[in-house]
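Hi,

Here is the structure I said I'd pass on. Have a look at it first, and then read on for what turned up.

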Amino acid sequence: MLKENPLTTDLVGDKTTKTDERVAFFGAVDELSAHIMELTHYIEDVPMQMELRKIVSMLSTMMAEVAGGLGHIGEKHLNELIEVVKKYEEQAGPFTSFVLPGTTLMGARVHVVRTVTRRAELAYAKVYEKYGGSGYIFEYLNKMSTLFYAIARIYDER
């Protein structure tokens with residue numbers, strides 16, 4: 001049986017169009033989560049794998065918050081991510097020049113995740129512009145991009 005309106009989809013407690021900015025954001029974050037999880041299968045560093053899996057969990061929380069359901073990204077979550085970013089920036093060492101994205105295969109994989117992260121951040125900007133939202137989500141996505149840049153540098157500059 002054909003759906004009543006194939007251009008609508010369910011959102012927590014409501015329906016919306018499939019062209020709604022929130023739906024585009026969910027798609028971007030879903031793609032980002034899949035790329036991060038794929039990346040964990042290539043990373044041998046178990047603590048890094050666990051940190052990335054925790055980020056994927058936070059992305060699910062983020063989507064729930066945007067959908068109007070249970071879940072909230074707050075200062076505690078952002079501070080935890082900032083500590084992870086600092087850790088990998090220290091490992092990467094001082095930034096001395098522009099890095100060609102993907103000098104190594106692992107670097108390329110991480111740069112793909114970084115660019116998808118930026119797309120998710122831009123998708124959230126459209127949600128925020130239309131519906132309002134959380135500065136913590138913006139900052140979390142921004143810091144994720146910084147994290148993936150640092151991790152990519154670790155692989156590309158070895």
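This is a predicted model: local features need pLDDT of at least 70, side-chain atom pairs count only at pLDDT 80 or more; totals for chains, interfaces and linings use all residues.

On confidence, the protein chain has an average pLDDT of 91, and 96% of the residues score at least 70. Helix α3 (residues 75-92) comes out highest with a mean of 97, while strand β1 (residues 8-11) is lowest with a mean of 70.

On the α1 side, the residues making the contact include Phe25, Phe26, Val29, Leu32 and Ile36, and on the α2 side they include Leu52, Ile55, Val56, Leu59 and Met62. Sorted by class, this contact has 15 nonpolar residues, with three polar and three charged ones.

Next, the salt bridges. The whole structure has eight of them, and here are some to look up.

Glu51 and Lys87 are joined by one, at 3.0 Å from N to O. Glu51 belongs to helix α2 and Lys87 to helix α3, 36 residues apart, so this pair links distant parts of the chain. Lys87 counts as partly exposed because its relative accessibility is 31%.

Lys54 and Glu80 form another, again with the closest N and O atoms 3.0 Å apart. This pair also links distant parts of the chain, with Lys54 in helix α2 and Glu80 in helix α3, 26 residues apart. Both partners are partly exposed: Lys54 has a relative accessible area of 44%, and Glu80 has 30%.

Then there is Glu139 with Lys143, where the closest N and O atoms are 3.7 Å apart. Both sit in helix α5 (residues 135-156), four residues from each other, or about one turn of the helix. Glu139 is partly exposed at 31% relative accessibility, and Lys143 is partly exposed at 23%.

Cheers

Definitions and conventions:
Residues are numbered from 1 along each chain as its sequence is written. Side-chain values use heavy atoms; hydrogens and water are left out. Contact means heavy atoms within 4.5 Å. Helices (H or I, at least four residues) and strands (E, at least two) are DSSP runs, numbered from the N terminus. Ala, Val, Leu, Ile, Met, Phe, Trp, Tyr, Cys and Pro count as nonpolar, Asp, Glu, Lys and Arg as charged, and the others, Gly among them, as polar. pLDDT is the predictor's confidence in each residue, from 0 to 100. A salt bridge is a side-chain nitrogen of Lys or Arg within 4 Å of a carboxyl oxygen of Asp or Glu. Buried means under 20% relative accessible area, exposed over 50%, partly exposed in between (1.4 Å probe, protein chains only).
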